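Welcome! Please take a look at the sequence and the model before reading on.

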Amino acid sequence: AGFVYALKRMPMSDAYAISFVAPLLITALSGPILGERVGRARWMAIVVGFAGVLVALRPGAEGMAGAAGLAVLLAALGYAVSAITVRVLARTDTPQAIVTWLMALLALGAGEIAAVAGWVPVAMAHWWLIVGVGIAGTLGQYLITIAFLRGEASVLAPLEYTALAWGLLLDWFVWRTLPDAMTWLGAAIIIASGLYLLRGESAHAEAEHP
């Protein structure tokens with residue numbers, strides 16, 4: 001809901017640039033929730049990543065530090081909590097069960113709870129878009145669940161940053177907009193921090209399993 005709210009009020013590439021703080025949040029939450037050790041170097045990378053968020057949002061200037069920017073941060077936090085939850089559930093549940101319940105609860109929350117106050121009947125011309133989003137979202141969630149269950153997070157997680165490229169292409173070809181220099185700088189800081197964390201995860205895994 002937060003990400004959709006933001007997309008209505010800012011370019012897609014800007015929203016994705018800010019949302020890349022999610023891997024940093026996953027690392028920060030893995031300590032208190034999963035009991036994983038988060039060392040000083042990782043915390044420094046997390047702090048630097050959040051500094052990149054501030055650069056992109058530019059609070060106090062004519063930046064994105066309004067409701068839309070905060071909505072993206074809320075969406076990133078929700079994504080991080082979801083990823084942590086999947087890691088816990090994967091100990092006992094199958095990928096099919098995880099995705100089925102996730103989609104069911106999304107439908108309940110978005111269709112019954114969030115939308116009821118301002119419900120507008122869906123026009124027939126829009127149904128194919130809604131069905132397409134549902135199919136693509138379900139397939140994507142299933143594939144990413146399978147990927148993280150079978151592959152190494154340090155190898156797979158950097159691929160999430162390709163979302164910025166897709167956002168840039170769509171922004172340009174559909175709306176003819178591109179991020180400004182400060183958004184580029186903030187995104188670069190966030191991505192660099194995330195890649196540093198992933199590099200550390202990879203080195204740690206190799207040390208444990210040479």
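Where is Thr27 found? Thr27 sits in helix 3, where helices (H or I, at least four residues) and strands (E, at least two) are DSSP runs, numbered from the N terminus. Before going further, please note that this is a predicted model, in which local features need pLDDT of at least 70, side-chain atom pairs count only at pLDDT 80 or more, and totals for chains, interfaces and linings use all residues. Residues are numbered from 1 along each chain as its sequence is written, and side-chain values use heavy atoms, with hydrogens and water left out.

**The overall picture**

The protein has 10 helices and 0 strands. Read from the N terminus on, its elements run α-α-α-α-α-α-α-α-α-α. Of the 210 residues, 30% are buried, meaning under 20% relative accessible area, while exposed means over 50% and partly exposed lies in between (1.4 Å probe, protein chains only). Contact means heavy atoms within 4.5 Å. Among contacts between residues at least 6 apart in sequence, 78% join residues at least 24 apart.

**Helix 3 and Thr27**

Helix 3 covers residues 22-34 and has a kink of about 25° at Ala28, shortly before the proline Pro32. The bend at a residue is the angle between axes fitted to the seven residues ending there and the seven starting there. The buried residues of this helix are Ala22, Leu24, Leu25, Ile26, Thr27, Ala28, Ser30, Gly31 and Leu34. Just after helix 3, Gly35 takes a positive phi of about 75°.

Why does Thr27 count as buried? Thr27 counts as buried because its relative accessibility is 12%. Leaving aside residues up to four places away in sequence, Thr27 touches Val38, Arg42, Ile46 and Leu197.

Ser193 has its place in helix 10 and counts as buried, at 5% relative accessibility. Not counting residues up to four places away in sequence, Ser193 touches Leu24, Ala45, Val48 and Gly49. Ala41 is found in helix 4 and, at 42% relative accessibility, counts as partly exposed. Leu169 lies in helix 9 and is partly exposed, with a relative accessible area of 42%.

The table gives C-alpha separations for some pairs.

| Pair | Residues apart along the chain | C-alpha separation |
|---|---|---|
| Thr27 and Ile84 | 57 residues | 9.3 Å |
| Leu169 and Ser13 | 156 residues | 8.6 Å |
| Ser193 and Phe50 | 143 residues | 9.1 Å |
| Ala41 and Leu197 | 156 residues | 8.6 Å |

**The nonpolar core**

In soluble globular proteins, nonpolar side chains tend to be buried together. How many residues does the largest nonpolar core have? The largest nonpolar core has 32 residues, and those with the most contacts inside it are Met10, Ile18, Phe20 and Leu164. The elements that give two or more residues to this core are helix 2 (12-19), helix 3, helix 4 (40-57), helix 5 (67-89), helix 9 and helix 10 (181-208). Such a core is a set of buried Ala, Val, Leu, Ile, Met, Phe, Trp, Tyr and Cys residues joined through side-chain atoms within 4.5 Å. Phe20 touches Glu160, Tyr161, Ala163, Leu164, Ile190 and Ile191, not counting residues up to four places away in sequence.

**The second largest pocket**

A pocket, on a 1 Å grid over the protein atoms alone, is an open set of points where a 1.4 Å probe fits, with protein on both sides within 12 Å along at least five of seven lines; lining residues have an atom within 4 Å of a point. About 260 Å³ of space lies in the second largest pocket. Its lining consists of Val4, Leu7, Lys8, Met10, Pro11, Met12, Leu170, Asp171, Val174, Trp175 and Thr177. By class, the lining has 8 nonpolar, 1 polar and 2 charged residues. Helix 1 (2-7) and helix 9 (162-175) each supply at least two lining residues, and the largest share, 4 residues, comes from helix 9.

Definitions and conventions: Grid points are joined across faces, edges and corners, and a volume is the space filled by probe spheres set on the points. Ala, Val, Leu, Ile, Met, Phe, Trp, Tyr, Cys and Pro count as nonpolar, Asp, Glu, Lys and Arg as charged, and the others, Gly among them, as polar.
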